[in-house]
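Please open the model in your viewer with residue selection to hand, and follow the stops below in the order given.

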Amino acid sequence: MTALTVLAPVTGTVVDVSEVDDPVFSAGLVGPGLAIEPDGVRGGEAVAPITGTIVKLHPHAFVVQHEDGRAVLVHLGIDTVRLGGEGFTTHASEGDVVRRGTVLVTWDPAAVRDGGRSAVCPVVALEATPDAVDRLAQVGTMVEHGEDLLTWG
Amino acid sequence: MSKAQQILDALGGDDNIVDLEPCITRLRVEVEDPAKVNDAGLTAAGAIAVVRSGIAIQVIVGPEADTLASDIEDLR
């Protein structure tokens, strides 16, 4: 299978998913990946990590599926479903075909943190085996949205 | 039996469900009595995992959570 490069969806610091305070992500139950602790000021634009179809779009999370079937999940913060979309603005619709790097959601990570929730953003290669995914950014480093994060091949 | 029906049954049936909402990869369920939830039944129905915290049960099902939740709602 051709290697698929997954871009960082938000600007922030790369975090190991095992550090994410949610068992679904930390244990890789839906797939392997990395997480990004978004920058409070510049982390508010979430972009498509790959080119493909938006198969799921919630205010706080989305899934983009490549034409070969591989799909990447981006979750903006933990337990943010509880916010009911407040503070999140979507800029696309389910079914849209988008190019990687397109802004899909704008939000305010600092406000999520002020509300007592984690703003960390898991980026998951859905249903991939752990050895299919390699990191292109190191844990603890800063990435800009649109920079390479993972390779899935 | 449909997957939705199997999950509904393993959650203890309609009467045991206080609230059920999907979130991308999981069903977040609040139940009346957690003892009536059958973890083995949920995994047999295709759940990847079950995460419990008191009356809050998370059934990890993958990206089909939205579809499953609406199928379950239709059965209730």
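Select Pro59(A), which counts as partly exposed because 18 other C-beta atoms lie within 10 Å of its own (a residue is buried with 20 or more such atoms, exposed with 12 or fewer and partly exposed in between, with C-beta atoms placed from the backbone). Pro59(A) sits in the loop between strand E5 (52-58) and strand E6 (61-65) of chain A, where strands (E, at least two residues) and helices (H or I, at least four) are DSSP runs numbered from the N terminus. Leaving out residues up to four places away in sequence, Pro59(A) touches Gly85(A), Phe88(A), Thr90(A) and Val105(A), a contact being a pair of residues whose C-beta atoms, placed from the backbone, lie within 7 Å. If you draw a distance from Pro59(A) to Val81(A), 22 residues apart along the chain, the C-alpha atoms are separated by 8.3 Å.

Before going further, note that this is a predicted model, in which local features need pLDDT of at least 70 and side-chain atom pairs count only at pLDDT 80 or more, whereas totals for chains, interfaces and linings use all residues. Residues are numbered from 1 along each chain as its sequence is written, while chains are lettered from A and ligands numbered from 1 in the order in which they are written.

**The sheets of chain A**

Show strands E4, E10 and E8 of chain A, which form an open antiparallel sheet in the order E4-E10-E8; two strands are taken to pair if DSSP finds at least two bridges between them. Its edge strands, each pairing on one side only, are E4 (45-47) and E8 (89-90) of chain A, and E4(A) is joined to strand E10 (residues 103-106) of chain A by 3 bridges.

Next, colour the open sheet of 8 strands in chain A, whose order is E9-E5-E6-E7-E11-E3-E2-E13 and whose pairing is antiparallel. At its edges you will find strand E9 (97-98) and strand E13 (142-143) of chain A, each of which pairs on one side only. Within this sheet, strand E7 (residues 71-75) of chain A runs antiparallel to strand E11 (residues 121-125) of chain A, with 3 bridges between them, and Val72(A) stands opposite Ala125(A) in E11(A).

Then select Trp152(A) in E14(A), which stands opposite Leu4(A) and also opposite Val133(A). Strand E14 (residues 148-152) of chain A pairs with strand E1 (residues 4-7) of chain A over 4 bridges in the antiparallel sense, and strand E12 (residues 133-135) of chain A pairs with E14(A) over 3 bridges, again in the antiparallel sense.

**Between the chains**

Which residues of chain B does Leu29(A) touch? Not counting residues up to four places away in sequence, Leu29(A) touches Ile48(B), Ala49(B) and Ile60(B), together with Val24(A) of its own chain. Leu29(A) is found in the loop between helix H1 (23-26) and strand E3 (33-38) of chain A, and it counts as partly exposed, with 19 C-beta neighbours inside 10 Å.

Now move to Cys23(B), which UniProt lists as "active site" in an unreviewed entry; such annotations may be inferred rather than shown by experiment, and the positions follow the numbering used here, with feature names shortened. Cys23(B) lies in strand E1 (residues 17-23) of chain B and is buried, with 20 other C-beta atoms within 10 Å. Neighbours within four places in sequence aside, Cys23(B) is in contact with Val81(A), Arg28(B) and Ala65(B).

**A helix pair in chain B**

Finally, show helix H1 (residues 3-10) and helix H3 (residues 65-75) of chain B, whose axes come within 9 Å and cross at roughly 70° (axes are lines fitted to C-alpha atoms, for helices over the stretch in contact, and angles run from 0 to 180 degrees between N-to-C directions). H1(B) is therefore roughly perpendicular to H3(B), the class for angles of 65 to 115 degrees, with under 35 roughly parallel, over 145 roughly antiparallel and the rest oblique. The contact is made by Lys3(B), Ala4(B), Gln5(B), Ile7(B) and Leu8(B) of H1(B) and by Leu68(B), Asp71(B), Ile72(B) and Leu75(B) of H3(B).

Definitions and conventions
Contact = placed C-beta atoms within 7 Å.
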